[in-house]
Amino acid sequence: MADAWDFKVELASAPATAEARTAVLTKPGFGQSFTDHMVLASWSLDRGWHDQRVTAYAPLRVSPAAAVLHYAQEIFEGLKAYRHEDGSVWAFRPEVNAARFTRSAQRLALPQVPEEAFIAALRALVTVDEVWVPPAGSGETSLYLRPYMIATEAALSVRPAHEVLFGVIASPAGPYFDTGPKPVSIWLSTSSIRATPGGTGAAKCGGNYAASLAALGEATANGCDQVIYLDAVERRWIEESGSMNVFFVYADGRIATPELSGSILAGVTRDSVLELAADLGHKVEERRISADEWRDGLRSGEITEAFASGTAAVITPIGRLAWSDGNLTIGDHAANHGVGPVTASIRAALLDLQYGRTADPRNWLTRL
Ligand code: COI
């Protein structure tokens, strides 16, 4: 029956052995190992959503003429499932990811997945693969959930596809950066921009990430871990770092992040940080911040810390800003592995909430 969103479960005939799973859960890395199952649901113009299922994790059979392979009609999301001390498993603000998935689908001319169906898909997968959610107390580990939607119709005309696949895969996750919670270095790209006004910058679509890879190569060649992009028009205002939003901490306790310009991704962690920082007594600002303000603030000592936020990256301190003819070190927090005190307190507030160690007054957690 179309659009019913009841997931039929077809269990994997050869799931990973307990030993293989334990080996992964002991040192999960990021996005390298996947659980035994995945969610799939098909959509066609004439039938709507149908064949919702949880099935064995396996390669997809997709036509070489599928629109996604040629025209990148694709979107995705990223969120995590956290194991609490009592063994229960929770997602953090999945309804916000669902809403963003809807906005991304609109922008990429893909069909909508209703919020309840999006959350039901996460729950269906986590229920079957619960043993893959890392145990409580195993550090900053979780089960990273990756919903996605691709245009599968074999048709080379440039138009919205009439056949689409929605899926969710899951991957046990440790810290995104090899540096762990230690600071990353950021390359200020002046040759590449990430997104333009009216473009797809606010959508979570693969094309944005593909387009960021050359600049990442430039960053790596210059000894940096990540790129930070400026706006497309004036090449002056800080946007985001490609897979993370950015925040600046001022000596007077203010915290600022670039306002959502239409070409910045509205991060779930970004939004949560704004609220948690206010709870911690910081004045928070969403506004335009220029690269010059950042550099001048670092030189004068007015900006004392900077950090990046994202589901994968959580809160990652930024320890160095580099550009074509200069670089500046950010903060000197040797006592805490280079993590500034404000960054550390916001990070702790977020993680304590996600892992159920503090109260959840805003009902941000959803049990899976
Ligand atoms: C996430 O934080 O979930 C992201 O989407 C970043 C990812 C591209 C690694």
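**Strand 8 and its surroundings**

Modeller: Happy to! In strand 8, Val-164 is the bridge partner of Ala-151. Please keep in mind that this is a predicted model. The pairing around those two residues joins strand 7 (residues 142-151) to strand 8, antiparallel, over 10 bridges. Strand 8 also pairs with strand 2 (residues 37-44), again in the antiparallel sense, and here there are six bridges. Strand 8 itself covers residues 163-173, and nine of its 11 residues are buried, so the strand is largely enclosed by the rest of the structure.

From the strands, let us go on to a pair of helices. Two packed helices are described by the angle between their axes and by the distance between the axes. For helix 7 (residues 268-279) and helix 9 (residues 341-354), the axes come within 10 Å and cross at roughly 110°. That makes helix 7 roughly perpendicular to helix 9. On the helix 7 side, the contact is made by Ser-272, Val-273, Leu-276 and Ala-277, which meet Ile-346, Ala-349 and Leu-350 in helix 9. Sorted by class, this contact has six nonpolar residues, one polar residue and no charged ones.

Next come two backbone details in loops. Most residues other than glycine have a negative phi. Arg-93 is not a glycine, yet its phi is positive, about 50°. You will find Arg-93 in the loop between strand 6 (89-92) and helix 3 (94-107). Arg-93 counts as buried because 20 C-beta neighbours lie inside 10 Å. Ala-109 is a residue other than glycine with a positive phi too, near 55°. Ala-109 sits in the loop between helix 3 and helix 4 (115-128). Is Ala-109 buried or exposed? With 11 other C-beta atoms within 10 Å, Ala-109 is exposed.

Last, the ligand. Which residues are around it? They are Gly-78, Tyr-209, Ser-243, Gly-310, Thr-311 and Ala-312. By class, this shell around the ligand has two nonpolar and four polar residues, with no charged ones.

Conventions:
Residues are numbered from 1 along each chain as its sequence is written. This is a predicted model: local features need pLDDT of at least 70, side-chain atom pairs count only at pLDDT 80 or more; totals for chains, interfaces and linings use all residues. Axes are lines fitted to C-alpha atoms, for helices over the stretch in contact, and angles run from 0 to 180 degrees between N-to-C directions. Helices (H or I, at least four residues) and strands (E, at least two) are DSSP runs, numbered from the N terminus. Angles under 35 degrees count as roughly parallel, over 145 as roughly antiparallel, 65 to 115 as roughly perpendicular and the rest as oblique. Two residues are in contact if their C-beta atoms, placed from the backbone, lie within 7 Å. Ala, Val, Leu, Ile, Met, Phe, Trp, Tyr, Cys and Pro count as nonpolar, Asp, Glu, Lys and Arg as charged, and the others, Gly among them, as polar. A residue is buried if 20 or more other C-beta atoms lie within 10 Å of its own, exposed if 12 or fewer, and partly exposed in between; C-beta atoms are placed from the backbone. A residue is near a molecule or strand if its C-beta atom, placed from the backbone, lies within 6 Å of it. Two strands pair if DSSP finds at least two bridges between them.
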